[in-house]
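Please work through the following exercises with the sequence and the structure at hand, and try each task before reading its solution.

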Amino acid sequence: MPSRKARRTKDGPELPSSLIKNLFSHYAQVPVSKDAFKVVERSVSVYFKHLSNDLKAFANHAGRKTAEPADMELLMRRQGLITEKTPLNVLIEQHMPLEYRELLLPIATSGNKVVPPKLK
Amino acid sequence: MRRTVRRKTLKDAVKRHEPHLVLRGDLDVLVFLNFLLFLHRLAEEARTIAIAGKSKIIKYEHVLSSAKIILKKSRG
């Protein structure tokens, strides 16, 4: 018998709906009606479907079976998120919580070492 | 407010649609960044539409029409 968790990940939203709800109402800054969140969740689902399709297409085009961070950067460029004025690092700095930021942005540590080395 | 999810959840979100695609390195974290920016755009567009319709709260139809615009912009 499948566990409850396994069933939920199958047809529920991709990410926890409380997270989606919190983030959306944080970004919206005005009150959001209850049924509006349903549309938000549904569009997040469509968004993830398009995203994974795009990532696969980019990887296939490069003759790979693995999607790499460079593919994501290209995708964000095509979405008009990364521009000349706002490079990826700026977006990471502005939008990501600290836990993720330190994974992505290079930090100089003692001994003149930079961790992580470079975003590939 | 909780703003992070387990990285496994992020990987599963992509894996659900493309089960055979392998994600390398920190790609899943970048996916989360992209997701945040998507929600940001969606919320801003919905708010603009709501205010243009002289509504003080964001309703079902505002999100619906903003989702149409933003999903189109998020195509790769």
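**Exercise 1: A glutamine in a loop**

A:Gln79 lies in the loop between α4 and α5 of chain A, where helices (H or I, at least four residues) and strands (E, at least two) are DSSP runs, numbered from the N terminus. The model is a predicted one, in which local features need pLDDT of at least 70 and side-chain atom pairs count only at pLDDT 80 or more, whereas totals for chains, interfaces and linings use all residues. Residues are numbered from 1 along each chain as its sequence is written, chains are lettered from A and ligands numbered from 1 in the order in which they are written, and side-chain values use heavy atoms, with hydrogens and water left out.

Task: decide whether A:Gln79 is buried or exposed, and find which residues A:Gln79 touches.

Solution. Begin with the accessibility: A:Gln79 has a relative accessible area of 5% and therefore counts as buried (buried means under 20% relative accessible area, exposed over 50%, partly exposed in between, with a 1.4 Å probe and protein chains only). Next, list the contacts (heavy atoms within 4.5 Å): leaving out residues up to four places away in sequence, A:Gln79 touches B:Asn34, B:Arg41, B:Lys73, B:Ser74 and B:Arg75. Finally, look at the polar atoms, and you will find one in the side chain of A:Gln79 that lies 2.9 Å from the backbone oxygen of B:Ser74.

**Exercise 2: The contact between the chains**

Task: state how many residues each chain gives to the contact, and how much area is buried between chain A and chain B.

Solution. Count the residues first: chain A gives 65 residues and chain B gives 51 residues. Then turn to the area, which is about 5,700 Å², with carbon and sulfur atoms giving 70% of it (buried area is the accessible area, with a 1.4 Å probe, that two parts lose on being put together, summed over both). Within chain A, the residues that lose the most area to chain B are A:Tyr27, A:Tyr47 and A:Tyr100, which together make up 12% of what that side buries.

**Exercise 3: Salt bridges**

Task: find how many salt bridges there are between chain A and chain B, and which residue of chain B forms one with A:Glu68.

Solution. There are 3 salt bridges between chain A and chain B, each being a side-chain nitrogen of Lys or Arg within 4 Å of a carboxyl oxygen of Asp or Glu. The partner of A:Glu68 is B:Arg24, and their closest N and O atoms are 3.0 Å apart.

Definitions and conventions. Polar contact = N/O pair within 3.5 Å; in protein donor to acceptor, adjacent residues only side chain to side chain.
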